[in-house]
Amino acid sequence: MLLALLGTFVVNVILGLPLFVCLLVAALAGFLFIDIDLAARMLPQQLFGGIDVFALMAIPLFILAGNLMNGAGLTPQLIKLANSMVGHLRGGLGYVNVVSSVFFAGVNGSAVADTSALGSLLVPAMKKEGYSTSYAAGLTAGSSLIGPIIPPSIFMILYASLTNTSVGDLFLGGVIPGLALGLAFMAMNWYYARKANLTAQHDKPTLKNILTSLVKASPALAAPFIIVSSIVFGFVTPTESGALIVGYAFAIGIISRNLSLKAAWTALVETALLTSAIFLIIGASAVVSWLLAYAQVPEQFAVLLTPYVDSPITILLMLSLITFGVGMLMEEVSALMLLTPVFLPIALHAGVDPVHLGIIITMNITIALITPPMGACVFVAAAVSKLDLTVMFKAIWPFVMVALAVLITVILFPSLTLFIPSLFK
């Protein structure tokens, strides 16, 4: 049954069908091996049940908040702040790229949106400063991985809905790994700047310039603190936090007079389109997940890994290898929805903290976004930099290796994930 399901899915992907259709057709193939009569009853039930989850309402709200802030013109302010902080250093725009991604992560939480928004502004500027096009595009795609790891994160909300894990703990757990990823890419840029013999292009800014940039960017910088603190301290649920930040983003846009009616409408349309795509995939993935559970695939998979359950690190390394491989070939939301129910009982049996597991799965799924052949950020980076896709595929691997090194470090040292959540217990 499993081979038929996988084979059907792969064939449909190759044919270019929409991903949710690929999943549903694959599920029908699986029902043929179990009981086709179940399909008429369980397919619509699981399809709707998969998205009929209150916690998932936070996803469109966070997406809308990010789109409203972008429409209000806050993204350039974040770049200006980053430039005032690190733009004067040798290879400054590379540091600006990474620091901007850290700031942007708290506004949008989407790696693809980060790559598109920052790439269109920074890649041309980096080329003028002496960076190669392939490096500038690769750094933009690589640093965008920080977006889904530093809160808010759509992937973490999905994981929490599947595992009943605290969204607040997951958000807090992603802070240090996200910053570690940023530091790793900054170290990579330090090496590149010296190898390429780049020089500083700007004078050191005055304290007044930095403070001015900070004040202008403060409305956007406040967003992640509002989201995390309101959830962690129990003032609101994750979904209510999403509604709160939408109201905040709308208010900021109106007060600053930068959010036009057209920009607000565009934000609503883009949110509806992206949310529809995500929820269709979630619903279709729920059907496949139910089918796998009905066929006892998780239990069979657990038996295969039984000899390794005594070592949490070994289990996490093995699960990461599987998740990363699946993520390279499959859309990230689907991979997360399908793998999490299978992996959770195995990891818990091995003594892995569910928050640590959630961060590891999120990082794996996120790194897959810059990994050929299916990494969405690779395609976006190639488009915004006007770079041939084959060149982009070759250029991205050093950034993948750096991200994987950070992932392995987080696996080996669980305290990097669990320290901050433990402070709020």
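The model is predicted: local features need pLDDT of at least 70, side-chain atom pairs count only at pLDDT 80 or more, and totals for chains, interfaces and linings use all residues. Residues are numbered from 1 along each chain as its sequence is written, and side-chain values use heavy atoms, without hydrogens and water.

Reader: Which element gives the largest share of the lining of the largest cavity?
Author: On a 1 Å grid over the protein atoms alone, a cavity is a set of points where a 1.4 Å probe fits but cannot get out; a pocket is an open set with protein on both sides within 12 Å along at least five of seven lines; lining residues have an atom within 4 Å of a point. Helices (DSSP runs of H or I, at least four residues) are numbered from the N terminus. Helix H4 (58-71) and helix H12 (207-232) each give two or more residues to the lining of the largest cavity. The largest share, 4 residues, comes from H4.

Reader: How much space lies in the largest pocket?
Author: A volume is the space filled by probe spheres set on the grid points, which are joined across faces, edges and corners. This pocket is lined by 39 residues, with Ser110, Val112, Leu274, Ile278 and Glu331 nearest its centre. Its space is about 860 Å³.

Reader: How many residues in the lining of the second largest pocket are nonpolar?
Author: Ala, Val, Leu, Ile, Met, Phe, Trp, Tyr, Cys and Pro count as nonpolar, Asp, Glu, Lys and Arg as charged, and the others, Gly among them, as polar. The lining has no charged residues and 2 polar ones. The nonpolar residues number 22.
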